[in-house]
Amino acid sequence: MKLKGLELISMIGKRVRIKAKGRIFEGIVMPSFTGNFVLKLDNGYNVGFKEYEILEVLEESIPKQEVKKLEKIEGLPNVKIISTGGTIASKVDYRTGAVTSQFTAEEIVSEVPELLKICNVDAMLLYNILSENMKPKNWIELAREVYKSLKKYDGVIITHGTDTMHYTASALAFMVSTPKPIVLVGAQRSSDRPSSDAAMNLVCAAKTAVEDLGEVVVVMHGSTSDDFCYVHRGVKVRKNHTSRRDAFQSINSKPIAKVYYPSCEIEWISWRFKRGERELKLYDRLEEKVVLIKFFPGLKPDILEYYYSKGYRGFVIEGTGLGHVSTDWIDTIKRIAEDSLIVMTSQCLWGRICDRVYDTGRYLLKAGVIEGEDMLPEVALIKVMWLLGNYELGEAKKLVKVNLVGEITPTTSY
């Protein structure tokens, strides 16, 4: 028996038992763009069949899971979870077959009962978007919500899509001076997959949120196994792999800590801002007319002229090696540098900028380029947006080389 057209479409989302290749299979019918009959098996994987026999329709629709009530235990720290969407809050949408954000924050917590042994949780849904849809206005709204939550809670966890999580972490690090932990956490695999890292990451994030910490961090898998998570400084971390569970790495610095799983023991690795060390303040202004430009051989300086003509006065250049661009950029840079903030970073990521080694670098410095030290290009972008949003240009040019929240490592170790 082979279904076609509307018959096949009408089966999507139903749980069925079929016979194919001499075996019995059971699962949920998925959309198919090839004409094959596709089942999502209970182990999380999809399998397609050309020839099959439907033996039984077990469920007419996907049953709605009951959301468990969040119970509070006296004496435990109180943590606020703010959900913004992303893979950690995702499962398969059986109408389209795509992975989409569908869980509310409460639903995330109900899937991970271990959280209730670590802290009392209040949860809210601020956004339900994938991280590529994040914009500066979202960072500002999120910073304001975090600021309000820190007045009441012992720590804040933000569930976030991984693709742009390091941008959001940087934005919060500059916008919110915090005496308590602000922990961003995500997942590389959606919660309905057997290889999902969502639950473990969230448990380790909760442990971090109640510890002696007072800054913005990212907590994600530290290896491909379910053995520990790293706690990364929010302005020193980057996603360096498209799909590995240990995709996040600290760049030009060590992770702050290691959280072992399932014991939740924490091992401090490097320096950190401690709980209560800083006063709670909010600086929620960002200048959006800032651009990150990746230089490549042959790229003309016209791109600088274009953005400058559109009113942009913040430029972060991702240069080669120690921080170089073609010499034919120098005249343009000199022309716009007087009323612009131009910061040089490196495509190499590891290491620091030094524009005094080669002639090109010295010419760039003379033209008005400011060395970005060992800042990641994305972090430098956010820092320039924040500086131009809160300070006059002259002061912003001075502060861009100052280590404000741990974004610059004073010395480079090899």
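The legends below describe close-up views of a predicted model. Local features need pLDDT of at least 70, side-chain atom pairs count only at pLDDT 80 or more, and totals for chains, interfaces and linings use all residues. Residues are numbered from 1 along each chain as its sequence is written, and side-chain values use heavy atoms, with hydrogens and water left out.

**View A. An open sheet of five strands.** The strands are ordered S4-S3-S2-S1-S5 and pair in the antiparallel sense; strands are DSSP runs (E, at least two residues), numbered from the N terminus, and two of them pair if DSSP finds at least two bridges between them. Strand S4 (46–49) and strand S5 (53–59) are the edges, each pairing on one side only. On average, neighbouring strands of this sheet are turned by 45 degrees against each other, direction ignored, with axes as lines fitted to C-alpha atoms and angles running from 0 to 180 degrees between N-to-C directions. Four antiparallel bridges link strand S2 (residues 23–30) to strand S3 (residues 37–41). Methionine 30 has valine 38 in S3 as its bridge partner.

View B. Lysine 80 sits in strand S6 (residues 78–83). Lysine 80 counts as buried because its relative accessibility is 10%; buried means under 20% relative accessible area, exposed over 50%, and partly exposed in between (1.4 Å probe, protein chains only). Its side chain makes a polar contact of 3.3 Å with the side chain of serine 149. A polar contact is a pair of N or O atoms within 3.5 Å; within protein, one must be able to donate a hydrogen and the other to accept it, and residues adjacent in sequence count only if both atoms are side-chain atoms. Leaving aside residues up to four places away in sequence, lysine 80 touches residues including Asp122, Met124, Glu145 and Tyr153, where contact means heavy atoms within 4.5 Å.

**View C. Cysteine 204 and cysteine 229.** The structure holds zero disulfides, a disulfide being a pair of cysteine sulfur atoms within 2.5 Å. The sulfur closest to that of cysteine 204 belongs to cysteine 229, but at 3.5 Å it is too far for a bond. Cysteine 204 is buried, with a relative accessible area of 0%.

**View D. Serine 326 in a loop.** Serine 326 lies between strand S21 (314–319) and helix H8 (330–336); helices are DSSP runs (H or I, at least four residues). With a relative accessible area of 26%, serine 326 is partly exposed. The side chains of serine 326 and aspartate 328 are joined by a polar contact of 2.8 Å. Proline 301 is 25 residues from serine 326 in sequence and 8.8 Å away in space, C-alpha to C-alpha.
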